[in-house]
Number of protein chains: 2
Amino acid sequence: MTLRETHASGADDSLGVVGELAALARIIPILPESDSTVLGPGDDAAVIAAPDGRMVITTDMMLHGPDFRRAWSTMHDLGWKAAATNLSDIAAMGARPTALVVALAAPAETPVADLEAFAEGLRDACMALAPGCGVVGGDLSVASSLTIAVTAFGDLDDRDPVRRDGARPGDVIAVSGSLGLAAEGLATLFEHAVDATGAPDAARAAELRQRHPAGLVAQLRPHPPIADGVAAAIAGASSMLDLSDGLALDARRIARASGVVLDLDIALVREVALAHGLDPAADPLLALTGGEDHSLLATFPPDVAPPVRALPGGFHVIGRVVEAGRHGAGVQVDGQPFDERGGWDPFAQWSGQAG
Amino acid sequence: MTLRETHASGADDSLGVVGELAALARIIPILPESDSTVLGPGDDAAVIAAPDGRMVITTDMMLHGPDFRRAWSTMHDLGWKAAATNLSDIAAMGARPTALVVALAAPAETPVADLEAFAEGLRDACMALAPGCGVVGGDLSVASSLTIAVTAFGDLDDRDPVRRDGARPGDVIAVSGSLGLAAEGLATLFEHAVDATGAPDAARAAELRQRHPAGLVAQLRPHPPIADGVAAAIAGASSMLDLSDGLALDARRIARASGVVLDLDIALVREVALAHGLDPAADPLLALTGGEDHSLLATFPPDVAPPVRALPGGFHVIGRVVEAGRHGAGVQVDGQPFDERGGWDPFAQWSGQAG
């Protein structure tokens, strides 16, 4: 078969012009190395150490449009966020992140410099959030829109994974990280980082980032408390998850999996949210319903957390686990059933507009 | 933040209408279970057994347009191929495939029945090609075009990984699986499974599949010899890889990594190609340059393969490794340097047309 040499037009150093192999040759040296590498990029597959004899695995796809806007996120932001959100899922099992593999599909006209910035974002997030974790393999393709698929790995260091079904009445509920902040940042972007037609505007986003850094950083470049996942496991957490869809919705997941009620104290929730930078003027519901914080929500048996200050790392108490009553397993706020549906749902957000 | 409830219009049971969670509830029961599952889908991350203490990992993204046409591939085909091509990369390291994670992004109007067919394709490929391997986790999103990212895992069972840099002069070169057949199938589709305007045509593809099954099956629903990966490792293969970009180009990768020349015997190459169903009337170069066979190319030291028939599984000798001469490391055919550039390059193929 005669193959067509139909490289897309673009800048001299675009992905489509230089090709996959030449682009990879520039990107691979930037990627963070993993301390767990047995055999790194360059063969059919990578090999990493799994000293525990088990491997924790999570995968996630980020898509231009539903998951990010190129006008708001730099390529460095996207590399950072792709790493951070997957590291957080590993941490939420009580595991130590060891490695990532990254599949990236980008338009042919994408400058290779953008791919280098993406790799720098991966590198900087690993260095900042999970030292020792690195990229051991990947895949690069041309596509009509930017698509990022990350699979992350972690080691349990001979501990049991912390699941979402272990919460028991009497446990304290605690969170490490921000609440509602990433959603505040997204709302700010949708409201203010748009032009007169409502389209995402890069200049306005950059300016907002100077004035309202906390929310925008939480949304565009999250800093989940990765090390607190292992700390929670060592401290004896009975359940844990990564807050991706909002505190109330994710707390309900623990509640239903465990057959209990998670009773949140709104004053404590608000205190954590404000301490992490949420605007005091923001809708009070935001701390309960805003998604994408990638904070860690965990429950701890009373015997491992008798004085509240004994909780590990950045965990703060925000409520208590109680028996499921006549309403069944679920979430209460200050003792009242809480039944909103405001958690972050990628389908509800999807408008078909990329920007 | 008030979220918009802007579900895309579509069939009553489309992904956009029923939502991610309801779709997953229908898909997950179809997925093949892995014998290595410690903790399956439903938590932040999965946990799988890694008894060897190391884990082999590969990832690959398949995109509508550059990698497949919906008019030619059924959703069952796509699930099958996504599994098969990744299993083949695991096999090429000499590892036993244990598990997959699958991230899928599909248009909102995609019927959930299509996603079920995709899951059945994953299941059937695992059952047929790598019994015991299954899907332990994944991610489902809405996107403007169908995108599939699979990460596959394998266990080395205490053997060393078979890399691409171990070929030595005197080794025999052997292949297990078809040569050029998948490319013949693709050429047939491009030539005959199109309408008068050149657009992919589903009815013509279905009809061709009845008349020319070998090439079309190799292209749309490959059957790589997965178990021969472990068999080659046990037999002492000195190097191995998965033939994704064509025999000559992939053989050059072994040659350059190993600092040797791979001298292919065109008569033996042709014999293997014809035995696996290549049309005798096809361009003789196809067996050397056609991509996507996902056969296994390996080298074996002479002491482990003294009579040719001692090679494991479906491996057949197609040449011999010799010292790098004045042309340096590379590929020869019948003793002559072979310098074509016809291997399958996803960028060269990409026309921007989806179909």
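Chain A has a secondary structure of 11 helices and 13 strands, where helices (H or I, at least four residues) and strands (E, at least two) are DSSP runs numbered from the N terminus. This is a predicted model, in which local features need pLDDT of at least 70 and side-chain atom pairs count only at pLDDT 80 or more, while totals for chains, interfaces and linings use all residues. Residues are numbered from 1 along each chain as its sequence is written, and chains are lettered from A and ligands numbered from 1 in the order in which they are written.

**Overall build of chain A**

- The C-alpha trace of chain A spans about 70 × 55 × 35 Å along its principal axes.

**Two domains in chain A**

- Chain A is divided into domain 1 (15–155) and domain 2 (172–344), with bounds that come from an automatic or database domain assignment.
- The C-alpha centres of domain 1 and domain 2 of chain A lie 26 Å apart.
- In chain A, 20 residues of domain 1 are in contact with 23 residues of domain 2.
- On the side of domain 1 of chain A that touches domain 2 of chain A, helix 2 and strand 4 of chain A are the elements that give two or more residues, and helix 2 of chain A gives the most, with nine residues.

**Helices 2 and 3 of chain A**

- Helix 2 of chain A lies across strand 3 (54–63), strand 4 and strand 6 (147–155) of chain A, and runs at about 35° to strand 6 of chain A; axes are lines fitted to C-alpha atoms, for helices over the stretch in contact, and angles run from 0 to 180 degrees between N-to-C directions.
- Helix 3 of chain A (residues 112–129) has its end C-alpha atoms 26 Å apart, which agrees with the 26 Å that its 18 residues should span at 1.5 Å a residue; the expected span is 1.5 Å times one less than the number of residues.
- The buried residues of helix 3 of chain A include Leu115(A), Phe118(A), Leu122(A) and Cys126(A).
- These buried residues of helix 3 pack against helix 1 (15–27), helix 2 (75–91), strand 4 (96–106) and strand 5 (134–142) of chain A.

- An open sheet of six strands has the order 5(A)-4(A)-6(A)-3(A)-2(B)-1(B), with mixed pairing; two strands pair if DSSP finds at least two bridges between them.
- Strand 5 of chain A and strand 1 (37–39) of chain B stand at the edges, each with a single partner strand, so one side of each is left without a neighbour in the sheet.
- The twist averages 25° from one strand to the next.
- Strands 4 and 5 of chain A run parallel and are joined by eight bridges, with Val102(A) opposite Gly138(A) in strand 5 of chain A.

**Strand 6 of chain B**

- Nine of the nine residues of strand 6 (residues 147–155) of chain B are buried, so this strand is largely enclosed by the rest of the structure.
- Strand 3 (residues 54–63) of chain B runs antiparallel to strand 6 of chain B, with eight bridges, and Thr59(B) stands opposite Thr151(B).
- Strand 4 (residues 96–106) of chain B also pairs with strand 6 of chain B in the antiparallel sense, over nine bridges, and Leu100(B) has Ala152(B) as its bridge partner.

Terms used: A residue is buried if 20 or more other C-beta atoms lie within 10 Å of its own, exposed if 12 or fewer, and partly exposed in between; C-beta atoms are placed from the backbone. Two residues are in contact if their C-beta atoms, placed from the backbone, lie within 7 Å.
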